[in-house]
Amino acid sequence: MTAPVGQPTQLARIGLWGAPQSGKTTFLAALNIAAISQPTVPGSPSWIVIGGDDDAGAFLSENTDLLQSRHVFPSATPGMTALSWRFIGPARGGRLAGRPLRRGSRPENMVFVVELLDVAGRYFGSSTPKNSLPSSSVFDEGAGLFDGEPDAPDEWELLLDHLSMCDGLVYLFDPVREQRNSDAYEFFQRTLEQVTRRCFEANRLRGGKLPHFLAVCVTKFDEPAVFRQAFRTGVVLTGDEPERIPRVPDNLAKTFFDRLCDEGHEGSARLVRGSINNYFHPDRVSYFVSSSVGFHIGPSGYFRAHDFANVVKTGGEARIRGAIRPINVLEPFLWLEESTRSAARKR
Ligand SMILES: Nc1nc2c(ncn2[C@@H]2O[C@H](COP(=O)(O)OP(=O)(O)OP(=O)(O)O)[C@@H](O)[C@H]2O)c(=O)[nH]1
Ligand SMILES: [Mg+2]
């Protein structure tokens with residue numbers, strides 16, 4: 001991947017991790033819309049996301065269309081797709097930051113390239129397939145999928161090599177699936193052990209822990225059950241924008257994750273938390289509460305507590321009700337990029 005001459009480019013290798021149907025592909029599909037819907041606050045940088053190659057560009061445009069115009073979710077990922085994107089924004093902290101431009105001078109770009117693999121969640125699982133329990137959730141997506149071993153061991157090796165070499169990881173924790181299946185740990189620990197082994201063998205561990213930055217994203221915040229639990233936990237604030245969209249601010253996201261872990265069945269989420277604490281440096285972990293589709297905003301033009309579900313199930317298929325308004329989808333990537341860049345500066 002090369003950038004046009006003269007463009008300061010940072011390569012951020014970012015891994016995406018999450019159980020089957022935790023929303024990985026949708027998260028990536030919503031990136032474009034997340035980028036173009038950033039609030040236009042004067043002085044705050046805005047980003048555009050473009051494909052680093054034809055395949056990644058096609059992924060973005062096809063999936064944006066799927067979500068926004070056809071109101072359906074992407075299909076379950078069958079195998080593994082390598083994607084590369086350029087995030088382009090204004091230069092930060094550079095020579096020209098905060099200073100008016102001289103006449104005729106061009107503002108500088110900040111470009112960072114994200115390379116990741118979108119893989120079927122079953123790749124992260126254990127060798128013993130776990131049967132889904134009967135659903136108690138309104139949204140029963142993914143039940144009945146075979147969550148077993150990937151067919152091609154080479155792909156599993158490729159995924160582990162990729163995750164080991166990444167600078168940052170986006171880990172999607174799906175509270176809906178966890179409530180139903182209690183298997184987050186199963187899809188976390190096996191991969192974690194293998195990645196740690198590779199990092200140890202490559203002498204990449206730092207102080208006995210993984211070198212990666214980790215963005216833990218609690219997904220599907222728009223789901224009524226998830227939203228209500230966040231509300232009961234007291235971590236939901238109303239946004240300043242005219243739509244008054246609720247959010248969990250980043251400094252309270254860990255409190256919500258902790259609550260989900262403490263209240264989870266069978267202790268699986270609690271074990272995930274224990275592993276995060278054990279394997280990653282605490283100052284390299286950040287928490288986000290995210291939704292790829294966001295809340296439904298009806299004709300009133302603002303969030304209404306009795307009618308906010310943006311996903312409906314018709315004939316067994318989950319459909320999106322209206323416009324999507326991603327929440328905390330772009331932010332984990334920006335945090336990872338900024339964190340890896342500042343860590344590289346300190347080295
Ligand atoms: N409510 C809600 N549901 C979501 C959201 N994102 C995904 N989903 C649901 O989760 C399902 C799975 O999403 P995917 O993005 O395919 O999940 P994945 O992790 O890529 O799944 P695999 O590729 O099978 O591992 C979708 O079909 C939706 O039903 C979200 O932001 N909100
Ligand atoms: Mg997928």
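This is a predicted model: local features need pLDDT of at least 70, side-chain atom pairs count only at pLDDT 80 or more; totals for chains, interfaces and linings use all residues.

Biologist: How many helices and strands are in the protein chain?

Modeller: The protein chain has 10 helices and 11 strands. They are DSSP runs numbered from the N terminus: helices are H or I with at least four residues, strands are E with at least two.

Biologist: What makes P332 count as buried?

Modeller: A residue is buried if 20 or more other C-beta atoms, placed from the backbone, lie within 10 Å of its own, exposed if 12 or fewer, and partly exposed in between. P332 has 27 C-beta neighbours inside 10 Å, so it counts as buried. P332 sits in helix α10 (residues 330-346). Buried residues make up 40% of the 347 residues in the protein chain.

Biologist: Which residues does P332 touch, leaving out those up to four places away in sequence?

Modeller: They are V170, A215, C217 and F288. Contact here asks that two C-beta atoms, placed from the backbone, lie within 7 Å.

Biologist: What span is expected for α3, and what does the model give?

Modeller: The expected span is 1.5 Å times one less than the number of residues. Helix α3 (residues 54-68) has 15 residues, and its reach of 21 Å from first C-alpha to last is close to the 21 Å expected.

Biologist: Why do you say that the buried residues of α3 line one face?

Modeller: In α3 the buried residues are A56, F59, L60, N63 and L67. Seen down the axis of α3, they fall within an arc of 95 degrees, so they line one face of the helix; the arc is that of the directions from the helix axis to the C-beta atoms. On the other side of α3, D54, A58, E62 and D65 are exposed.

Biologist: And which residues come nearest to ligand 1?

Modeller: Of the 23 residues around ligand 1, these are G23, T25, T26, T77 and G121. A residue is near a molecule if its C-beta atom, placed from the backbone, lies within 6 Å of it. The largest share of this shell, three residues, comes from α1.

Methods:
Residues are numbered from 1 along each chain as its sequence is written. Chains are lettered from A and ligands numbered from 1 in the order in which they are written.
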